[in-house]
Amino acid sequence: MTVNGPVSSKEMSISLIHEHILVDFIGADSVTFMRWDKSKVADRSLPFLKQIKDLGCQTFIECTPAYLGRDPLLLKSLSDSSGLNILTNTGYYGAVNNKYIPQHAFNETADQLAARWILECENGIDGTGVKPGFIKIGVENGNLTDLHKKLVVAAARTHLKTGLTIASHTGPAIPAFEQLDILKIEGVAPEAFIWVHAQSEKDLSNHVKASKMGAWIGLDGLNENNLTDYIRMIKNLRENNLLNKILLSHDAGWYHPGEENGGEYHGYTTLFKKLIPLLRKENFSEKEINQLLVFNPSEAFKIGVHRIN
Ligand SMILES: [Zn+2]
């Protein structure tokens, strides 16, 4: 489900699964659309999107959640001007001490939160008609707090109702497996879950363990300085026949409201210009590279309920 409506899996083609156009770190109590000018943000972002379109990218998954600067109409206009499929999300981001959690979420039940997110999936976000293409939540590095457990339960129930995949800002293994435990109780299979920022987990046996369960492993912070780490993590999963569970991206961008011309903006080209040539050098076949960049994203973001039978 893109910001311009549904596309087939085939139309997704080469996809970047975790990037940003705009992020506003001001906090849930202060963030408003008045803090940026959509046309200025679009002018700043478009050249970076055109760059990856020219490199063969067709789908751009924008991971900025609500209360952190999610702007469906901005994304829609950039999808139109760049020719890229762009996906946005529903859900709440609990990391950073709940700075990006709206007041109502502290008191409402998991079902009430799920009802809000399901409504966005059915009717579109804030009257824009733009529908989310996945569920994005976020938790802290350590053990899950009660509030964050509630977010995971709400995400699970939203998944069962909508078939949207859950991408959770997670980091290390402890909260990853705690979330998978909650999903299990809720009857949701690990195939519905993307372990976002799995590169933060240094014990690579945990990547193997989670992907053997069925979860997606998001190696989504690629940059010029960590290419060898990425090759090592990808090879580790390949050795275990788990290439089919890897999702790659940069977590790059973005326009910073309040900064001169949006501040420093990092492009999204390292994967195309550096990682792919390096994978070829490491004897990855074109079929394997295609699996990582095309097939896995289309499977991960396919709409469908993954229930534990
Ligand atoms: Zn991100």
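In this predicted model, His-20 has a relative accessibility of 7% and counts as buried, because the cut-off for that class is under 20%. His-20 is one of the protein donors of the zinc ion, to which it contributes its NE2 atom. The other protein donors are His-18, also through NE2, and Asp-251, through OD. These donors lie 2.1 to 2.2 Å from the zinc ion. Along the sequence, the donor residues follow the spacing H-x1-H-x230-D. His-20 is placed in the loop between strand 1 and helix 2 (38–54), whereas Asp-251 is placed in the loop between strand 9 (246–248) and helix 10 (270–281), so the pair ties together parts that are 231 residues apart in sequence. Asp-251 has a relative accessible area of 24% and is therefore partly exposed.

His-18, a donor of the zinc ion, also belongs to the lining of the largest cavity. The structure holds one cavity of 30 Å³ or more, and the volume of the largest cavity is about 30 Å³. Besides His-18, its lining is made up of Ile-17, Cys-63, Ala-167, Ile-194, Val-196, Asp-220 and Phe-301. Strand 1 (15–19) and strand 7 (193–196) are the elements that give two or more residues to this lining. Sorted by class, the lining of the largest cavity comprises six nonpolar residues, one polar residue and one charged residue.

The largest pocket has a volume of about 370 Å³. It is lined by 21 residues, of which Ala-66, Tyr-67, Arg-70, Glu-120 and Asp-126 are the closest to its centre. Among the elements, helix 5 (residues 110–123) gives the most to the lining of the largest pocket, namely five residues. The lining of the largest pocket divides into nine nonpolar, eight polar and four charged residues.

Aromatic pairs were searched for across the whole structure, and 11 were found. One of them joins Phe-25 and Tyr-100, in an edge-to-face arrangement with 6.4 Å centre to centre and 65° between the planes. Phe-25 is found in the loop between strand 1 and helix 2, and Tyr-100 in the loop between strand 4 (89–90) and helix 4 (104–107), so this pair ties together parts that are 75 residues apart in sequence. Tyr-265 counts as buried at 7% relative accessibility, and Tyr-268 counts as buried at 0%.

Asn-206 is located in helix 8 (residues 205–213). Its relative accessible area is 15%, and Asn-206 is therefore buried. When residues up to four places away in sequence are not counted, Asn-206 touches Ala-173, Phe-177, Trp-195 and Glu-201.

Notes: Residues are numbered from 1 along each chain as its sequence is written. This is a predicted model: local features need pLDDT of at least 70, side-chain atom pairs count only at pLDDT 80 or more; totals for chains, interfaces and linings use all residues. Side-chain values use heavy atoms; hydrogens and water are left out. On a 1 Å grid over the protein atoms alone, a cavity is a set of points where a 1.4 Å probe fits but cannot get out, and a pocket is an open set with protein on both sides within 12 Å along at least five of seven lines; lining residues have an atom within 4 Å of a point. Grid points are joined across faces, edges and corners, and a volume is the space filled by probe spheres set on the points. Helices (H or I, at least four residues) and strands (E, at least two) are DSSP runs, numbered from the N terminus. Ala, Val, Leu, Ile, Met, Phe, Trp, Tyr, Cys and Pro count as nonpolar, Asp, Glu, Lys and Arg as charged, and the others, Gly among them, as polar. Donors are N, O and S atoms within 2.8 Å of the metal (3.2 Å for Na, K and Ca); water is not among the atoms, so sites may look incomplete. Buried means under 20% relative accessible area, exposed over 50%, partly exposed in between (1.4 Å probe, protein chains only). Contact means heavy atoms within 4.5 Å. Rings of Phe, Tyr and Trp (its six-membered ring) pair if their centres lie within 6.5 Å; planes under 30 degrees apart count as stacked, over 60 as edge-to-face and the rest as tilted.
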